[in-house]
Amino acid sequence: MKQIELSVLMTQDDYAAFLVQKRRMQRGRRFQTALYVGELLVVAAAAGLFFGDRIGMSAASAVCLLAAGIALIAYDYVIAPWLDRLTAVRDYAEKENLRTACLYRFTAEAVYLRGGRTEGTLPFAFLTEWMQTPDYFTLSFGRETAMFIPKRLLSQEECSQLENWLRSSNKGMHKKGRQ
């Protein structure tokens, strides 16, 4: 396959879902400790509730541990994604360039893009980061240029080809975290 060409018009729902996945992956390692601590607190609370007399834990202490554990787990699975979605909706409303269709043409060495205010070819050598989530690719060229590619617009073969081009062009730059 010599090139992959597609036009992307990002919707608010696409952007919100992508940002939630991206932030979850970025939080992955930092907050996994909090998730494990939350699970441990829930187990300790259950032990305190069922065997409190034997292990010297009052029911009030067990309930406090349970509340703390549930709060840490809820942060990762409910609160953080909700806050990320709110941030995405605000960003989408504020940034006009997120609501502009872009044409992308990928080859093994570069990506050509044409959008509302941007047109040009960016060699993969200038790629500073790329990330793959279960549903999206994102490519960053410095802090100013980022591309968002929903995988639903690509065939399975095109997804594999794009991933191979990115991997071969930028070894060690790929970020993939918790799904």
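**Strands, rings and a pocket**

Me: Lys151: buried or exposed?
Reply: Buried. Lys151 has 16% relative accessibility. Keep in mind that this is a predicted model.

Me: Where is Lys151 placed?
Reply: Lys151 sits in the loop that runs between E7 and helix H3, residues 156-169.

Me: How far apart are the C-alpha atoms of Lys151 and Gln132?
Reply: They are separated by 9.5 Å. Along the chain, Lys151 and Gln132 are 19 residues apart.

Me: Which way do the residues of strand E5 point?
Reply: Strand E5 covers residues 129-132. Glu129 and Met131 point one way, Trp130 and Gln132 the other. All of them are buried.

Me: In what sense do E5 and E6 pair?
Reply: Antiparallel, over 4 bridges. E5 and E6 make a hairpin, with 3 residues between the two strands.

Me: What is the bridge partner of Glu129 in E6?
Reply: Ser140 is the partner of Glu129 there.

Me: Where is Gly142 found?
Reply: Gly142 belongs to the loop between E6 and E7.

Me: Why does Gly142 count as partly exposed?
Reply: Because its relative accessible area is 38%, and partly exposed runs between the 20% limit for buried and the 50% limit for exposed.

Me: Other hairpins. How do E2 and E3 run?
Reply: Antiparallel, joined by 4 bridges. E2 and E3 form a hairpin with 3 residues between them. Leu103 has Arg114 in E3 as its bridge partner.

Me: And what stands opposite Arg114 in E4?
Reply: Glu119 does. Strand E3, residues 110-114, pairs with strand E4, residues 119-123. The sense is antiparallel, over 5 bridges. E3 and E4 form a hairpin too, with 4 residues between them.

Me: How many residues of E3 are buried?
Reply: 4 of its 5, so E3 is mostly covered.

Me: Switching to aromatics. How many aromatic pairs?
Reply: The count is 6. One of them joins Phe18 and Tyr136, edge-to-face, 5.6 Å centre to centre and with 80 degrees between the planes.

Me: What does the pair of Phe18 and Tyr136 tie together?
Reply: Phe18 lies in helix H1 and Tyr136 in strand E6, so the pair links parts that are 118 residues apart in sequence.

Me: Phe18 first: buried or exposed?
Reply: Buried, with a relative accessible area of 6%. Tyr136 counts as buried as well, at 7% relative accessibility.

Me: Which residues form one aromatic cluster?
Reply: Phe18, Tyr136 and Phe148.

Me: Where is the place of Tyr15?
Reply: Tyr15 is in helix H1. Its relative accessible area is 11%, which makes Tyr15 buried. The C-alpha atoms of Tyr15 and Asn164 are separated by 24 Å, and the two residues are 149 apart along the chain.

Me: Now pockets. How much space lies in the largest pocket?
Reply: About 850 Å³.

Me: How many residues line the largest pocket, and which lie nearest its centre?
Reply: The lining has 29 residues. Asn97, Leu98, Glu144, Ala146 and Met147 lie nearest the centre.

Me: What is the lining of the largest pocket by class?
Reply: It has 12 nonpolar, 9 polar and 8 charged residues.

Me: Which elements each supply at least two residues of the lining?
Reply: Helix H1 (12-55) and strands E2 (102-106), E6 (136-141) and E7 (145-150) each do. H1 gives the most, with 5 residues.

Me: Last topic, cysteines. How many disulfides?
Reply: The count is 0.

Me: Cys102: buried or exposed?
Reply: Buried, at 16% relative accessibility.

Me: And Cys64, buried or exposed?
Reply: Exposed. Cys64 has 54% relative accessibility.

Terms used. Residues numbered from 1 in each chain as written. Predicted model: local features only at pLDDT ≥ 70, side-chain atom pairs only at ≥ 80, totals over all residues. Heavy atoms only, no water. Disulfide = S-S within 2.5 Å. Buried < 20%, exposed > 50% of the residue type's maximum accessible area, 1.4 Å probe, protein only. 1 Å grid on protein atoms, 1.4 Å probe; cavity = no way out; pocket = protein on both sides within 12 Å on 5 of 7 lines; lining within 4 Å. Points joined across faces, edges and corners; volume = space filled by probe spheres on them. Nonpolar A, V, L, I, M, F, W, Y, C, P; charged D, E, K, R; others polar. Pairing = 2+ DSSP bridges. Phe/Tyr/Trp six-rings, centres within 6.5 Å; stacked < 30°, edge-to-face > 60°.
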